[in-house]
Structure formats: structure tokens, C-alpha cells
Amino acid sequence: KVRELLLQKGMALEERDFFKDRFTEEEVRALGSMVGFSDMFAWRSPSLKKMGLVGQDIAEDEMVKLMLQEPRLVRRPLIKIGDRLLVGGNIKIIEEVLAGA
């Protein structure tokens, strides 16, 4: 649904499967600095539960390490519009950003 909305608005898309084309540490740090690492981290991921880390405080450096190790811990989708990074597929927020873009 997000992809269709962006295409309808005439946005050029650059899609990346970061399970196959994994992020570098520099990319994760750059993206996290745009929104905050905690907002980018998939706190509800079953992968976090499997690691036994649910409910624990995790420092930013550890979040980066975990997201590099297990891409499922990166909240999806990541949508970069101009200099803004949107995390998650909240259509209402995406529409608001597009209206102002």
C-alpha cells in the first residue's frame, strides 16, 4: 500500500531489500541519526524475543550491532523523502509529508 501511494504521487522509488543487500554500519548510524535509533529498532520483532532481549534496555551502540547482525530488527519500511526518514508504514503520516514535499 505504501509503494502504491508513493507511485500515485509521482515519486521515484529506489527500493532495497536489505535482507539481501545488508546495511553497513555507516548506513545504520546515518539513518538512526535522522530518527533516533530507538525509533528505527524493531522492539516487537520475534527475533528480539528469540535472542532473549525483550524488555531489556539496549544502548544505541548495541542496537546498531544487533540491526547489522539481524536485519529483522530494523523497523520497516524505511522511507526517505528529501531529508526526512519515515519509519513504519503509517499512511497518514506519509501523506502529510508528501503534501508538504
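**Figure 1. Overall view of the predicted model.** Residues 24 or more positions apart account for 55% of the contacts in the protein chain with a separation of 6 or more. The model is predicted. Six helices and two strands make up the protein chain's secondary structure. Read from the N terminus, the order of elements is α-α-α-α-α-β-β-α. Along the principal axes, the C-alpha atoms fill a box of roughly 40 × 25 × 20 Å. The protein chain has 101 residues, and 35% of them are buried.

**Figure 2. The buried side of helix 5.** Helix 5 spans residues 60-69. Its buried residues are Met63, Val64, Leu66 and Met67. These residues lie on the same side of helix 5, because they cover an arc of only 165° around the axis. Their cover includes helix 2 (25-35). Helix 3 (37-40) is also part of that cover.

Figure 3. One cavity of 30 Å³ or more is present in the structure. The volume of the largest cavity is about 30 Å³. Met67, listed above among the buried residues of helix 5, belongs to the cavity lining. The lining also holds Phe18, Arg22, Phe23, Val28, Leu68 and Pro71. Sorted by class, six lining residues are nonpolar and one is charged, with no polar residues.

**Figure 4. Lys20 and Pro71.** Lys20 sits in the loop between helix 1 and helix 2. Its relative accessible area is 74%, so Lys20 is exposed. In sequence, Lys20 and Pro71 are 51 residues apart. In space, their C-alpha atoms are 9.5 Å apart. Pro71 also lines the largest cavity.

Figure 5. Helix 4 covers residues 46-50 and contains Ser47. Is Ser47 buried or exposed? Ser47 counts as buried because its relative accessibility is 9%, under the 20% limit for that class. Leaving aside residues up to four places away in sequence, Ser47 touches Glu70, Arg72 and Leu73. Of these contacts, Arg72 also lines the second largest pocket.

**Figure 6. The second largest pocket.** The second largest pocket holds about 200 Å³ of space. One stretch of its lining comprises Ser38, Asp39, Phe41, Ala42, Trp43, Arg44 and Ser45. Arg72, Val74, Arg75 and Arg76 line the pocket as well. By class, the lining has five charged, four nonpolar and two polar residues.

**Figure 7. The cis peptide bond at Pro77.** Arg76, one of the residues lining the second largest pocket, is joined to Pro77 by a cis peptide bond. Omega is about -10° at this bond. Pro77 is placed in the loop between helix 5 and strand 1.

**Figure 8. The largest pocket.** About 780 Å³ of space lies in the largest pocket. Its lining has 25 residues. Nearest the pocket centre are Glu14, Glu15, Leu78, Ile79 and Lys80. Which elements each supply at least two residues of the lining? They are helix 1 (2-8), helix 2 and strand 1 (78-81). Helix 2 gives the most, with five residues. The class count is 16 nonpolar and nine charged residues. The lining has no polar residues.

Figure 9. Helix 6 runs over residues 91-100. Ile91, Ile94, Val97 and Leu98 are its buried residues. Viewed down the axis, these residues fall within an arc of 125°, so they line one face of helix 6. They pack against helix 1, strand 1 and strand 2 (84-87). The face turned away from the buried side carries Lys92, Glu96, Ala99 and Gly100, which are exposed.

**Figure 10. The N-terminal cap of helix 6.** Asn90 caps the N-terminal end of helix 6. A side-chain oxygen of Asn90 lies 3.0 Å from the backbone nitrogen of Lys92. Lys92 is one of the exposed residues on the face of helix 6 turned away from its buried side.

Conventions
Residues are numbered from 1 along each chain as its sequence is written. This is a predicted model: local features need pLDDT of at least 70, side-chain atom pairs count only at pLDDT 80 or more; totals for chains, interfaces and linings use all residues. Side-chain values use heavy atoms; hydrogens and water are left out. Buried means under 20% relative accessible area, exposed over 50%, partly exposed in between (1.4 Å probe, protein chains only). Helices (H or I, at least four residues) and strands (E, at least two) are DSSP runs, numbered from the N terminus. The arc is that of the directions from the helix axis to the C-beta atoms. Contact means heavy atoms within 4.5 Å. On a 1 Å grid over the protein atoms alone, a cavity is a set of points where a 1.4 Å probe fits but cannot get out, and a pocket is an open set with protein on both sides within 12 Å along at least five of seven lines; lining residues have an atom within 4 Å of a point. Grid points are joined across faces, edges and corners, and a volume is the space filled by probe spheres set on the points. Ala, Val, Leu, Ile, Met, Phe, Trp, Tyr, Cys and Pro count as nonpolar, Asp, Glu, Lys and Arg as charged, and the others, Gly among them, as polar. A polar contact is a pair of N or O atoms within 3.5 Å; within protein, one must be able to donate a hydrogen and the other to accept it, and residues adjacent in sequence count only if both atoms are side-chain atoms.
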